[in-house]
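Q: I am new to this structure and would like to learn how its features are read. Could we go through them one by one?

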Amino acid sequence: MSSAKSVRLTREMKSFWNKPPWGITCRPEKEDVLDVLMINMCGPRGSPYEGGQFKLVINVPDRYPFEPPQVKFVTPVYHPNIDAVGRICMNMLKMPPKGSWLPTITIETLLISIQTLLANPNPDDPLVTEIAMEYKYNIDLFNENAKKHTKAYAV
């Protein structure tokens, strides 16, 4: 791991562990190695994911923070911006010009943004078109399906 990446990640993790954001825990997959991070995320309050515990994995590239980490859901999620293998469609996870990744974004900021995306899907930039259509045109059915899916996989 490059020393700049190591210093940055160590600082970020200390800050994260001292004052963790609501409903998110983060630990390295292997002790003292910050290349792969294991995340536990509570479903946002007031969303169909409330009460769920979602596992994610972050692979931090060697060029971090100059390129975004790769983040995937391990827990299956019924969501227009998260596909069956856990990939997440979110601008913040992509390099410009297609995305909005900046070196100033921290792992904590990224995780809070993913938690916010859970509660506020973006059906206009979906990974799963059928779920996006359901969200746009039959929100009640979407909420019911997301709740069922959360109970089945995330509780």
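This is a predicted model: local features need pLDDT of at least 70, side-chain atom pairs count only at pLDDT 80 or more; totals for chains, interfaces and linings use all residues.

Q: Which residues of helix 1 are buried, and why are they said to line one face of the helix?

A: The buried residues of helix 1 are Lys5, Arg8, Leu9, Glu12, Met13 and Phe16. Seen down the axis of helix 1, these buried residues fall within an arc of 130°, and so they line one face. Among the elements that cover them are strand 1, strand 2 and helix 2.

Q: How do strand 1 and strand 2 run, and how many bridges join them?

A: Strand 1 (residues 24-30) and strand 2 (residues 33-42) run antiparallel and are joined by 6 bridges; in one of these pairings, Lys30 has Val33 of strand 2 as its bridge partner. The two strands form a hairpin with 2 residues between them, and Asp32 in the turn has a positive phi of about 65°. As background, most residues other than glycine have a negative phi.

Q: Which residues touch the most other members of the largest nonpolar core?

A: In that core of 37 residues, they are Leu37, Leu56, Phe73, Ile88, Leu110 and Ile114. Elements that give two or more residues to this core include helix 1, strand 3 (53-59), strand 4 (70-73) and helix 4 (139-153), while the largest share, 6 residues, comes from helix 2. Leu37 itself touches, among others, Met13, Cys26, Leu56, Ile58 and Ile107, when residues up to four places away in sequence are not counted.

Q: Is Ser47 buried or exposed, and what does its side chain reach?

A: Burial is read from the relative accessible area, and Ser47, at 9%, is buried because buried means under 20%. Ser47 lies in the loop between strand 2 and strand 3, where its side chain reaches the backbone oxygen of Pro44 at 2.7 Å.

Q: Where are the cis peptide bonds that involve Pro65 and Pro97?

A: In general, most peptide bonds are trans. Here a cis bond joins Tyr64 and Pro65, with omega about 5°, and Pro65 lies in the loop between strand 3 and strand 4. The bond from Pro96 to Pro97 is also cis, with omega near 10°, and Pro97 lies in the loop between strand 4 and helix 2.

Definitions and conventions. Residues are numbered from 1 along each chain as its sequence is written. Side-chain values use heavy atoms; hydrogens and water are left out. Two strands pair if DSSP finds at least two bridges between them. Helices (H or I, at least four residues) and strands (E, at least two) are DSSP runs, numbered from the N terminus. A nonpolar core is a set of buried Ala, Val, Leu, Ile, Met, Phe, Trp, Tyr and Cys residues joined through side-chain atoms within 4.5 Å. Buried means under 20% relative accessible area, exposed over 50%, partly exposed in between (1.4 Å probe, protein chains only). Contact means heavy atoms within 4.5 Å. The arc is that of the directions from the helix axis to the C-beta atoms. A polar contact is a pair of N or O atoms within 3.5 Å; within protein, one must be able to donate a hydrogen and the other to accept it, and residues adjacent in sequence count only if both atoms are side-chain atoms.
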